[in-house]
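I opened this chain to look up its sheet, its aromatic rings and its charged side chains. My notes follow in the order in which I went through them.

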Amino acid sequence: MKRVLLVLLSALVFEGACTEGSEGARDAATLDLMGGLAGYALAFDGVQDYATAGNAGFPQAGGEQTLALWVNLTSLSGTQDFIVLRQDFDNGVQLGIRDGTVAAWTTYARTTLAAAPAAPSLGTWHHVAYTYDHTTQRLYLDGNMVATSTATGDKRTPTSAWLGTVDGATELFQGKMDEVRVWTVARTPAELLTDMLHGTAPGETGLVAYWTFDDTDVGGRCRDSSGLGNDVTLGDGVVAYMPDRVPSDAPVAP
């Protein structure tokens, strides 16, 4: 959540904030005090950075769900994952860059569930959301529905979440991400517009993971603000694989 108090706390305890000893954390704390930026984001290098989280109530792959986040893209090349919810490689859903545009697809059969007809611009923030209501797959970009389908997804409940990769080694994301949310309900277009511009309070119906990256936890972790304990581990605890924590100017208000 983008709160003034968190900004001030971050400035005081940046040495242990989210990524240990990060030079970016020092810069972020200074810049926040100077310019009042919108908290922090994670920056992925597209080479080895990723993050993971365990399961506490993730949606069934074939059940109602919403995945939503802000991304700032550096490249559209190859396959790049924003977020993956999967159970081994037998089932799951992936949201990211595929064939030069934003898309959602299945982990097992690699079936495209929905894909934007045009590529988003690079170097600026875009809000991406994917929903499924048991019937229709929908993809939203910057609050607008850009693709739908009735493609069949995978079925079993994911046991892990991956940010910036599918497995820690491939489909690596290059760019920044912020305000990542996972729901066990299909959010309506009106709700997605609200989510896009504002934070979400813990305990809201269907919210099972919410990563703002604004917390000050120590040890290469970022706290889950949903209240369910799906905290993110950066790079499996290996400093070289941890995405940097950087100032975010994604347009999100409290």
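This is a predicted model: local features need pLDDT of at least 70, side-chain atom pairs count only at pLDDT 80 or more; totals for chains, interfaces and linings use all residues.

**Burial and overall make-up**

I then looked up the surface, and the accessible area of the chain comes to about 9700 Å², with 55% of it belonging to carbon and sulfur atoms.

For secondary structure I found three helices and 16 strands. I also checked how far apart in sequence the contacting residues lie: among contacts between residues at least 6 apart, 67% join residues that are at least 24 apart.

**The sheet**

I traced an open sheet of eight strands, whose order reads S7-S6-S5-S4-S11-S2-S15-S14 and whose pairing is antiparallel. Which strands stand at the edges? They are S7 (112–115) and S14 (221–222), and each has a single partner strand, so one side of each is left without a neighbour in the sheet. As a reminder to myself, strands of a sheet pair through backbone hydrogen bonds, either parallel or antiparallel.

At the S7 end I followed the pairing residue by residue, and S6 (residues 101–106) meets S7 in the antiparallel sense over three bridges. Within this part I noted that Ala-103 stands opposite Ala-115 in S7.

**Aromatic rings**

I counted four aromatic pairs in the structure. One of them is formed by Phe-82 and Phe-173, which are arranged edge-to-face with 5.3 Å from centre to centre and 80° between the planes. Phe-82 lies in strand S4 (residues 80–87), whereas Phe-173 lies in the loop between strand S11 (160–163) and strand S12 (174–183), so the pair ties together parts that are 91 residues apart in sequence.

I next looked for charges over rings, and found Arg-245 over the face of Tyr-40, at 3.5 Å from the ring centre. I also found Arg-187 over the face of Trp-183, at 3.8 Å from the ring centre, and I kept Arg-187 in mind for the next entry.

**Salt bridges**

I recorded seven salt bridges in all.

One of the bridges joins the side chains of Glu-179 and Arg-181, at 3.4 Å from N to O. I checked the exposure of both partners: Glu-179 is buried, with a relative accessible area of 0%, and Arg-181 is buried as well, with 1%.

Returning to Arg-187, I found that its side chain meets that of Glu-191 in a salt bridge of 3.7 Å, N to O. Arg-187 also forms a salt bridge with Asp-195, where the closest N and O atoms are 2.9 Å apart.

Terms used: Residues are numbered from 1 along each chain as its sequence is written. Side-chain values use heavy atoms; hydrogens and water are left out. Helices (H or I, at least four residues) and strands (E, at least two) are DSSP runs, numbered from the N terminus. Contact means heavy atoms within 4.5 Å. Accessible areas come from the Shrake-Rupley method with a 1.4 Å probe; for residues, only the protein chains shown count as cover. Two strands pair if DSSP finds at least two bridges between them. Rings of Phe, Tyr and Trp (its six-membered ring) pair if their centres lie within 6.5 Å; planes under 30 degrees apart count as stacked, over 60 as edge-to-face and the rest as tilted. A charge sits over a ring if NZ of Lys or CZ of Arg is within 6 Å of the ring centre and within 35 degrees of the ring normal. A salt bridge is a side-chain nitrogen of Lys or Arg within 4 Å of a carboxyl oxygen of Asp or Glu. Buried means under 20% relative accessible area, exposed over 50%, partly exposed in between (1.4 Å probe, protein chains only).
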